[in-house]
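Thanks for coming, everyone. Please have a look at the structure on the screen, and then I'll walk you through it.

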Amino acid sequence: MKRSTLGAVLCAIVPLIALAAPQPVHAQQQESYDTWAFQREMIQRGVQAVLMCNGLFTSNRTLEQVFEQELAYLREPIGTPEGGDYEVDRARRAVAVGAPGPVPTMRAAFREGIGCVVMAPDQTFDDIDDLPVQTLPPPPGDPATIPWPDGDLVPDEPLPPNVDAAALQAASDWAFERESPYQVTLSLIIVQDGRILHERYAPGVDMTTRTRTWSTAKSIAATLIGMLVDQGRLSLDEPLDFEWLPRVRSPETDPRNEITLRHLLNMSSGLDPVDNNGLEYATGSGLAYWAGASSVNGALRRALIREPGSYWDYENYDTLLGVLAMKRALGGGRAYLEFPRKALLDRIGMRNTLISTDRFGDFILSSQVYTNARDLARFGMLYEQNGVWNGERLVSEEWIEFVRTPAPATAERGNQYGGHWWLVPDDRTDVPKDAYSTAGNRGQFVIVVPSHDLVIVRRGLDWGRQGFDRWDLTREVLKAVAPPTKAAQ
């Protein structure tokens with residue numbers, strides 16, 4: 001065949017080859033069926049059981065309030081306040097959700113000192129007595145007669161001269177009077193130099209109302225872990241020495257042995273992000289939060305897919321691995337269960353805070369903490385006071401510096417995350433760069449602004465398209481609150 005003829009044939013064939021070329025494998029494997037549908041429905045029932053149980057027996061809300069606000073988070077809650085396929089056992093302080101069938105009924109029960117614990121799909125109310133409890137007695141004294149911040153006795157006194165009362169009210173209105181129906185502010189507290197400048201609650205909420213912190217709990221976890229680092233019982237940069245799952249013949253060769261506590265607290269473990277890509281309420285930590293699975297086993301079972309420290313990926317299980325390190329340092333048992341109360345909560349007056357566990361007694365300190373706005377204000381004050389409470393150092397300056405230092409893997413994301421605390425992103429120029437914040441689903445924020453001796457707490461029950469911006473709130477508050485003068489201090 002002549003060259004010119006061959007060229008003409010090839011020109012005709014190549015487009016056909018291109019059209020017939022196989023597409024990338026992943027393009028051919030777009031799944032149209034949700035293979036996780038069964039687990040999603042089971043978890044959905046578990047979410048409702050936990051939120052109803054805590055709403056009724058931890059927050060002391062009415063069934064109508066629970067359906068209107070706590071359960072607004074769910075797309076299709078089961079039943080109505082008038083009834084449905086759920087059971088509320090007020091004598092046992094327990095809730096069951098869902099009719100028996102292919103998808104199991106899910107149950108949650110209130111436990112003293114802990115809050116509501118989700119039960120396994122094969123457990124019934126007859127198993128409630130086997131669930132963990134916290135029997136540590138409350139701190140002595142009546143908080144109503146103890147002056148703030150150790151107690152709840154707050155003097156009625158005029159605002160200091162560095163505070164603009166009208167602008168302060170405007171900031172409060174900005175937080176409560178939202179144009180978005182999805183943003184539901186429950187409470188707002190503004191504290192400067194240890195003094196409550198402003199405190200406001202939505203109808204049906206008061207200073208005693210506990211609600212879920214969601215991921216604001218992660219900053220509490222980091223504080224407890226930091227206390228053990230300060231004591232030399234944990235190290236930021238030594239291997240964790242976990243027995244990873246699944247167990248193998250040569251565990252010493254497991255690449256996960258390179259993961260350190262610093263990696264976990266920087267959300268840069270390199271472990272498989274099992275809660276991402278629409279799977280948070282299908283598998284992963286969702287099974288521990290809402291379906292009675294072990295939070296420890298699930299956390300230990302993830303595979304390493306990236307070099308530790310190289311990539312930022314927000315994962316509940318990274319926090320739970322840090323909590324496991326805390327448990328191991330404490331030796332487990334009673335010392336572990338009592339540590340949050342004895343080391344932190346009781347020492348700064350957080351009497352209304354319940355740290356929940358899974359059914360095996362392991363703290364779900366990535367999300368499952370119930371508390372009120374004042375307790376979170378106390379928590380923020382500990383950081384605003386640089387780790388000192390009533391003249392006693394509880395958290396080292398070095399630890400506070402760590403949690404406020406951007407995780408290296410966030411450099412391309414605006415340096416917005418430190419050690420289980422959120423930082424002001426690089427592109428925000430309207431709030432002080434020294435500010436840092438907790439953040440939890442549905443709008444749970446504790447914001448610390450050291451340059452202004454300021455703590456801001458906003459609690460919400462946001463749902464749907466949430467989007468409440470804590471840095472915008474900080475900006476609005478700072479319009480009213482200048483740094484305190486030496487005379488005011």
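How many disulfides does the count come to? One, if a disulfide is a pair of cysteine sulfur atoms within 2.5 Å, and that is the total by this rule. The partners are C53 and C116, with sulfur atoms 2.1 Å apart. The angle about the S-S bond is -80°, and the link of C53 and C116 is left-handed. The pair joins distant parts of the chain. C53 sits in helix α3, and C116 sits in strand β4, residues 115–118; they are 63 residues apart. Helices (H or I, at least four residues) and strands (E, at least two) are DSSP runs, numbered from the N terminus. Are C53 and C116 buried or exposed? Both are buried, meaning under 20% relative accessible area, with exposed over 50%, partly exposed in between, a 1.4 Å probe and protein chains only.

A word on the model. It is predicted, so to speak, by rule: local features need pLDDT of at least 70, side-chain atom pairs count only at pLDDT 80 or more, and totals for chains, interfaces and linings use all residues. Residues are numbered from 1 along each chain as its sequence is written, and side-chain values use heavy atoms, with hydrogens and water left out.

Now confidence. pLDDT is the predictor's confidence in each residue, from 0 to 100. The protein averages 94, and 93% of the residues score at least 70. Confidence is highest in strand β14, residues 445–449, at 99. It is lowest in helix α1, residues 3–20, at a mean of 45. Over residues 1–19 the pLDDT is below 50. That stretch has three contacts beyond near neighbours in sequence, a contact being heavy atoms within 4.5 Å.

On to pockets. On a 1 Å grid over the protein atoms alone, a pocket is an open set of points where a 1.4 Å probe fits, with protein on both sides within 12 Å along at least five of seven lines; lining residues have an atom within 4 Å of a point. A volume is the space filled by probe spheres set on the points.

The largest pocket has about 1,100 Å³. Its lining has 35 residues, with Y73, R75, E280, Y281 and N441 nearest the centre. Helix α3 gives the most, five residues.

The second largest pocket holds about 470 Å³. It is lined by 27 residues, and R210, R341, R351, T353 and L354 lie nearest its centre. Here α11 gives the most, with four residues.
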